[in-house]
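Keep the structure in view as you read.

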Amino acid sequence: MKPFARRTLIGTALAATALTLTGCGENLGAGPQLNVVSGYIQMGATPDAPAAGYFTVTGGPKDVQLMAVTADLAQRVEMHESVRENGVVTMKPLASAAVPAKGKLEFKPGGKHLMIWGINGAAVRAGKLPMAFVFTNNNNERILFDLPIKPSAAAGADGGMAMDHGSMDHGATGTDKAADAAKK
């Protein structure tokens, strides 16, 4: 190889290395990166009922949108939000959810949450469901996170979180109310 060609090749290699290293240092001092930091899945009351997923995402240096959450070991995962309209709480599907820069997005009971249908039995037995979180940042980042699976709250397995519906008035007639009072 001629000396000129060798110097050109070495110069090109050094330039490529410098560009690669510059890309690696892109986040230096930019603050914390986007991250799923905690969460869990609450199984449904019956095997055919959907489970609910809750988690927290900490924001990175820029605002982004959470566009989807997927799980290979579940039939379907949807993002929802509980909202109060005319005194009634209903669930609405979410197309996306904002993750503020250096802030946090919480999916929690009574607010934003995942609805998860058909979790594979192997994932339930393992006690965790691997999930992928897809965001709108420049590289369409996917964060893989294992959400631990908790048994159904209806079964009372999590220390008394099961709700007692017996004390609620669900439109019972006067006869039903008298019968209920006699039982007590």
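## A pair across the chain

Lys-112 counts as partly exposed, because its relative accessibility is 23%. Keep in mind that this model is predicted. Lys-112 forms a salt bridge with Glu-81, and their closest N and O atoms are 3.5 Å apart. This pair links distant parts of the chain: Glu-81 lies in strand β4 and Lys-112 in strand β8 (residues 112–117), 31 residues apart. Glu-81 is also partly exposed, at 23% relative accessibility.

## Other salt bridges

How many salt bridges are there by this rule? The count comes to 5. Side chains of opposite charge can pair when their charged atoms come close.

One of these salt bridges joins Glu-85 and Lys-92, at 3.0 Å from N to O. Glu-85 is partly exposed at 37% relative accessibility, and Lys-92 is partly exposed at 37% as well. Another joins Lys-108 and Glu-106, at 4.0 Å from N to O. Here Lys-108 has 45% relative accessibility and counts as partly exposed, while Glu-106 is partly exposed at 33%.

## Positive phi angles in loops

Most residues other than glycine have a negative phi. Now look at Asn-86, which is not glycine and has a positive phi near 55°. You can find Asn-86 in the loop between β4 (76–85) and β5 (88–93). Is Asn-86 buried or exposed? Asn-86 counts as exposed because its relative accessibility is 81%, and the cut-off for exposed is over 50%.

Lys-102 has a positive phi near 55° too. Look for Lys-102 in the loop between β6 (97–99) and β7 (104–107). With 58% relative accessibility, Lys-102 counts as exposed.

Methods. Residues are numbered from 1 along each chain as its sequence is written. This is a predicted model: local features need pLDDT of at least 70, side-chain atom pairs count only at pLDDT 80 or more; totals for chains, interfaces and linings use all residues. Side-chain values use heavy atoms; hydrogens and water are left out. Helices (H or I, at least four residues) and strands (E, at least two) are DSSP runs, numbered from the N terminus. Buried means under 20% relative accessible area, exposed over 50%, partly exposed in between (1.4 Å probe, protein chains only). A salt bridge is a side-chain nitrogen of Lys or Arg within 4 Å of a carboxyl oxygen of Asp or Glu.
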